[in-house]
Amino acid sequence: MIITLTGFMGCGKTSTGRALGALLSWGVIDLDAAVESRAAKTVAEIFVQEGEDGFRALEKEVLVEVLSRMDNNLVLSLGGGTIKDRDNLALVKRSSKCIYLRASASSLAEWLSEDMAEKSRPLLNRGDGVSLESHIASMLKEREPYYLAAADEIVDVDGLDYDETALRIRKMLSI
């Protein structure tokens with residue numbers, strides 16, 4: 001079985017993926033890290049140099065490779081926008097059990113505020129005076145239909161740590 005984790009940036013996909021992989025003794029891949037490795041650049045650098053379209057094309061290429069070469073016993077943490085692409089969404093649905101890690105905009109803003117100071121989240125950088133929470137709420141409203149379409153299961157992560165989230169996933173999938 002391949003388990004994919006989806007949800008908005010900052011919801012804990014990478015850390016939960018590591019915790020779940022350790023709990024199950026499965027391999028773990030973070031899609032953003034795999035893209036960075038392929039490009040030999042950070043996600044932020046890819047966005048600056050190639051734009052979001054360039055990043056999404058590389059992300060799709062890496063996703064196809066990962067899901068086509070892996071058989072079983074893998075936890076794959078997706079990027080926050082991976083499943084906005086209909087081909088990616090279909091591939092994830094066909095190739096894996098997808099878990100949506102759902103978080104509120106207020107929790108996400110709290111968790112992502114440090115990343116904003118580091119400028120490591122290119123899609124959150126804005127100069128329009130809109131609060132981080134309002135910006136996240138707007139993006140979340142646009143993305144949530146994709147997360148729900150991809151999801152085989154949903155875990156509400158507000159108030160949970162990564163280990164608790166991993167345990168809930170294991171229990172709901174009976175593995």
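1. Helix 2 spans residues 31-39, and Leu 31, Val 35 and Ala 39 are buried in it. Buried here denotes under 20% relative accessible area, exposed over 50%, and partly exposed in between, with a 1.4 Å probe and protein chains only. Viewed down the helix axis, the buried residues of helix 2 fall within an arc of 70°, so they line one face of the helix; the arc is that of the directions from the helix axis to the C-beta atoms. An α-helix has 3.6 residues a turn, so residues three or four places apart point the same way.

2. The model is predicted: local features need pLDDT of at least 70, side-chain atom pairs count only at pLDDT 80 or more, and totals for chains, interfaces and linings use all residues. Residues are numbered from 1 along each chain as its sequence is written, and side-chain values use heavy atoms, with hydrogens and water left out.

3. Just after helix 2, Ala 40 adopts a positive phi of about 55°.

4. As to overall architecture, the protein contains seven helices and five strands. Helices (H or I, at least four residues) and strands (E, at least two) are DSSP runs numbered from the N terminus. Along the sequence they follow the pattern β-α-β-α-α-β-α-β-α-α-β-α.

5. Along the principal axes, the C-alpha atoms fill a box of roughly 45 × 35 × 25 Å. Buried residues account for 45% of the 175 residues. Of the contacts between residues at least 6 apart in sequence, 74% join residues at least 24 apart.

6. How many aromatic pairs are there? The count is two, given that rings of Phe, Tyr and Trp (its six-membered ring) pair if their centres lie within 6.5 Å, with planes under 30 degrees apart counted as stacked, over 60 as edge-to-face and the rest as tilted. The rings of Phe 47 and Phe 55 have centres 5.1 Å apart and planes at 35°, so this pair is tilted. Phe 47 is buried at 14% relative accessibility, and Phe 55 is buried at 2%. For Tyr 100 and Tyr 147, the ring centres are likewise 5.1 Å apart with planes at 35°, so the pair is tilted. This pair links distant parts of the chain, 47 residues apart: Tyr 100 belongs to strand 4 (residues 97-102) and Tyr 147 to helix 6 (residues 132-150).

7. Asn 88 lies in helix 4 (residues 86-95) and is buried, at 2% relative accessibility. Its side chain reaches the backbone oxygen of Thr 82 at 3.0 Å.

Notes. Polar contact = N/O pair within 3.5 Å; in protein donor to acceptor, adjacent residues only side chain to side chain. Contact = heavy atoms within 4.5 Å.
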